[in-house]
Amino acid sequence: MRINKYIASAGIASRRKADELIENGNVKVNNIVLTELGYDVKPGDIVEVNGRPIDVEEKKIYIMLNKPTGYITSVKDEQLRPTVMDLVAEVDARIFPVGRLDYNTSGLLIMTNDGDFAYKVAHPKHKLGKTYIAKIQGFLTRGKIAKLEKGIDIGGFVTSPAKVNIIKELPKHTLVELTIYEGKNRQVRKMFKALGNPVVELERIAIGDVKLGRLAIGGYRKLTQKEIEHLSKA
Ligand code: URA
């Protein structure tokens, strides 16, 4: 949110007065006097006006994004690659991604400004299944499927039993629907690599009962009240 709007929504000054406060050097962001009128307040920024920290209680917002490949799931990228924030730039709230999808993974990503909700959804103890469609090299034998269903060692970590559903066998690849119950870094890729069937494409299609459906790639929509409740109760 633009700094003058942020200050105005805290009830401290009108937007125009907020600009004056900035010009007069009365506004600090993260302990540094702000010189840029058009500054965008980021999650975690500490804004002070005349030496007093201000906090704006934002309306809580919950969004589902269909993340394309080629975007980093983070608020900022030091290498200046595109981030998921670029896709939700029109959302006027300090939202951030819940959990992470790899640069080369597409699909369902939830974004919110509700820290408690984000913690619940991301925490493995809540056992929300995360469902992916993976295109993998080669084919899965019954033995390999059984390993996924039992739990597989991905290098110092044994996964919880996963649900596996073979969607289609292609000439050289298989499309597999996989539901996992944790969210270790690159977990799905590591699971299939451990079986000798590297992932070539990966898309997340659901978290718990919340489904991506037909949302356009790069598009987003608000979660329904029912979806929010499902995810927070899990
Ligand atoms: N597992 C992966 O390997 N990558 C993701 O992006 C999500 C789950």
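Q: Is Tyr62 buried or exposed in this predicted model?
A: The model is predicted, so local features need pLDDT of at least 70 and side-chain atom pairs count only at pLDDT 80 or more. Residues are numbered from 1 along each chain, and side-chain values use heavy atoms. A residue is buried under 20% relative accessible area, exposed over 50% and partly exposed in between (1.4 Å probe, protein chains only). At 14% relative accessibility, Tyr62 counts as buried.

Q: Which kind of aromatic pair do Tyr62 and Phe117 form?
A: Rings of Phe, Tyr and Trp (its six-membered ring) pair if their centres lie within 6.5 Å; planes under 30 degrees apart are stacked, over 60 edge-to-face and the rest tilted. The count comes to one aromatic pair. Its ring centres, in Tyr62 and Phe117, are 4.8 Å apart with planes at 70 degrees, so the pair is edge-to-face.

Q: How many residues apart in sequence are the parts that this pair ties together?
A: Helices (H or I, at least four residues) and strands (E, at least two) are DSSP runs, numbered from the N terminus. Tyr62 belongs to strand E5 and Phe117 to helix H4, so the parts tied together are separated in sequence by 55 residues.

Q: Which residues have the most contacts inside the largest nonpolar core?
A: A nonpolar core is a set of buried Ala, Val, Leu, Ile, Met, Phe, Trp, Tyr and Cys residues joined through side-chain atoms within 4.5 Å. The largest has 32 residues, and those with the most contacts inside it are Leu178 and Phe192.
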